[in-house]
Amino acid sequence: MIWLIIIGMALVTVIPRIIPAYIVDWIQFPGWANKGLKAIPYAALGALIFPGILTVIPEKPYIGLIAGGVAIVLAWLKIHVILVVLSAIITVFLLTI
C-alpha cells in the first residue's frame, strides 16, 4: 500500500511539470504573452529576495534596504553578479559595525 501511495504522489508531482514542457513547444504565443512570460522569473526572484532584505537585521530594516539599493545599482551597471553579492554583504557589514 505504501508503494502505491509513493507512486501516486510521484505521478501527481511529475505530470504537471512535464505537460507544460511539451505543450509550450506546440503553441505560438502572441508577443505580449511572451513578454509577460519572460518577466515571471524576475518577479519570482523579487518575491523571494525582498522579504530577506527587510529582515537582515529585523530591528533595522533600513540596513537591508541600503544594501539592496547598492546591489541594484551595481547590477544595473552590469557588474559581475559575485561582486554585486559581495558588495551587498560588505555594505551590511559596514553598516552594522
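## Largest pocket

The largest pocket holds about 580 Å³ of space. This volume belongs to a predicted model. The pocket has 23 lining residues, and those nearest its centre are Ile-49, Ile-53, Gly-68, Ala-71 and Ile-72. Helices α2, α3 and α4 are the elements that each give two or more residues to this lining.

Helix α3 provides the largest share of the lining, with eight residues. By class, the lining of the largest pocket consists of 18 nonpolar and five polar residues, with no charged residues.

## Contact of α2 with α3

Two packed helices are described by the angle between their axes and the distance between the axes. For helix α2 (residues 31-54) and helix α3 (residues 61-76), the axes come within 7 Å and cross at roughly 135 degrees. The two helices, α2 and α3, are therefore oblique to each other.

On the α2 side, the contact is made by Phe-50, Ile-53 and Leu-54, which meet Pro-61, Gly-64, Leu-65 and Gly-68 of α3. The residues of this contact comprise five nonpolar and two polar ones, and no charged ones. Ile-53 and Gly-68 take part in this contact and are also among the residues nearest the centre of the largest pocket.

## Confidence of the model

The protein has a mean pLDDT of 90, and 100% of its residues reach 70 or more. Where pLDDT is low, the predicted coordinates should not be read in detail.

Terms used. Residues numbered from 1 in each chain as written. Predicted model: local features only at pLDDT ≥ 70, side-chain atom pairs only at ≥ 80, totals over all residues. Heavy atoms only, no water. Axes fitted to C-alpha atoms, helices over the stretch in contact; angles between N-to-C directions. Helix = DSSP H or I, 4+ residues; strand = E, 2+ residues; numbered from the N terminus. Parallel < 35°, antiparallel > 145°, perpendicular 65-115°, else oblique. Contact = heavy atoms within 4.5 Å. Nonpolar A, V, L, I, M, F, W, Y, C, P; charged D, E, K, R; others polar. pLDDT = per-residue confidence, 0-100. 1 Å grid on protein atoms, 1.4 Å probe; cavity = no way out; pocket = protein on both sides within 12 Å on 5 of 7 lines; lining within 4 Å. Points joined across faces, edges and corners; volume = space filled by probe spheres on them.
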